[in-house]
Amino acid sequence: MQHSTADTAAMREAILLAQAALETDDVPVGALVLDPAGAVLGRGMNRREIDADPTAHAEVVALRQAAQVQQHWRLDECTLVVTLEPCAMCAGAAMQARIGRIVFGAFDDKAGAVGSLWDVVRDRRLYHRPEVTSGVLADECAELLTRFFADHRGDPT
């Protein structure tokens with residue numbers, strides 16, 4: 001599937017953040033929040049290990065930073081770009097922030113809440129439904145995760 005140049009460029013930056021998470025021995029997930037013009041408002045990588053915080057997923061870190069930059073919790077018309085399909089917590093956080101669009105790379109068949117296991121963000125019963133673009137640089141995003149888990153399980157890659 002062909003994705004926009006802007007989405008691809010943003011995902012490449014999110015991948016760099018995911019790679020940085022490897023240095024903290026955390027699952028390599030990276031996220032950005034972009035304003036409507038495409039400027040970065042927030043950056044995040046998984047920080048659960050380094051912060052000893054179960055909520056320190058890349059998306060939550062990026063959303064918090066973006067809200068601080070904007071000095072407002074509502075991130076209407078902003079885009080959340082993340083290397084891995086958000087889980088239920090992160091999809092819920094994006095909904096609470098009123099994110100206008102979610103762009104993700106790899107699908108997460110075990111915990112994905114933007115279409116794989118659940119589809120929290122497109123549930124018609126909810127008050128807010130962001131646009132979703134999936135599969136942006138999916139193979140590159142998935143490869144980081146595959147290598148990480150192979151290394152942690154002692155499996156050959």
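The buried residues of α3 pack against β1 (30-34), β2 (40-45), β3 (79-84) and α4 (88-96). This is a predicted model, where local features need pLDDT of at least 70, side-chain atom pairs count only at pLDDT 80 or more, and totals for chains, interfaces and linings use all residues. Residues are numbered from 1 along each chain as its sequence is written, and side-chain values use heavy atoms, with hydrogens and water left out.

**Exercise 1.** Describe helix α3 and find its buried residues.

*Solution.* 
- Start with the span. α3 covers residues 58-70, 13 residues in total. Helices are DSSP runs of H or I with at least four residues, and strands are E runs of at least two, numbered from the N terminus.
- From first C-alpha to last, α3 reaches 18 Å, close to the 18 Å expected at 1.5 Å a residue. The expected span is 1.5 Å times one less than the number of residues.
- Next, burial. Ala-58, Glu-59, Val-60, Val-61, Ala-62, Leu-63, Ala-66 and Ala-67 are buried (under 20% relative accessible area, with exposed over 50% and partly exposed in between; 1.4 Å probe, protein chains only).
- Finish at the end of the helix. Just after α3, Gln-71 takes a positive phi of about 55°.

**Exercise 2.** Why does Ala-58 count as buried, and which residues does Ala-58 contact?

*Solution.* 
- Ala-58 counts as buried because its relative accessibility is 0%.
- Leave aside neighbours within four places in sequence. Ala-58 is then in contact (heavy atoms within 4.5 Å) with Val-29, Gly-30, Ala-31, Gly-44, Met-45 and Asn-46.
- Now take Pro-86, 28 residues apart from Ala-58 along the chain. Their C-alpha atoms are separated by 9.4 Å.

**Exercise 3.** Where is His-128 found, and why does His-128 count as buried?

*Solution.* 
- Locate it. His-128 is in the loop between β4 (101-106) and β5 (131-133).
- Check accessibility. The value is 15%, so His-128 counts as buried.
- List the contacts. Not counting residues up to four places away in sequence, His-128 touches Met-95, Arg-98, Ile-99 and Val-121.
- Look at Ile-99 again. Its backbone oxygen lies 2.6 Å from a polar atom of the His-128 side chain.

**Exercise 4.** Which helix gives the largest share of the lining of the largest pocket, and which classes make up that lining?

*Solution.* 
- Helix α5 (residues 138-153) gives the largest share, six residues.
- By class, the lining has twelve nonpolar, three polar and eight charged residues. Asp, Glu, Lys and Arg count as charged; Ala, Val, Leu, Ile, Met, Phe, Trp, Tyr, Cys and Pro as nonpolar; the others, Gly among them, as polar.

Conventions: Polar contact = N/O pair within 3.5 Å; in protein donor to acceptor, adjacent residues only side chain to side chain.
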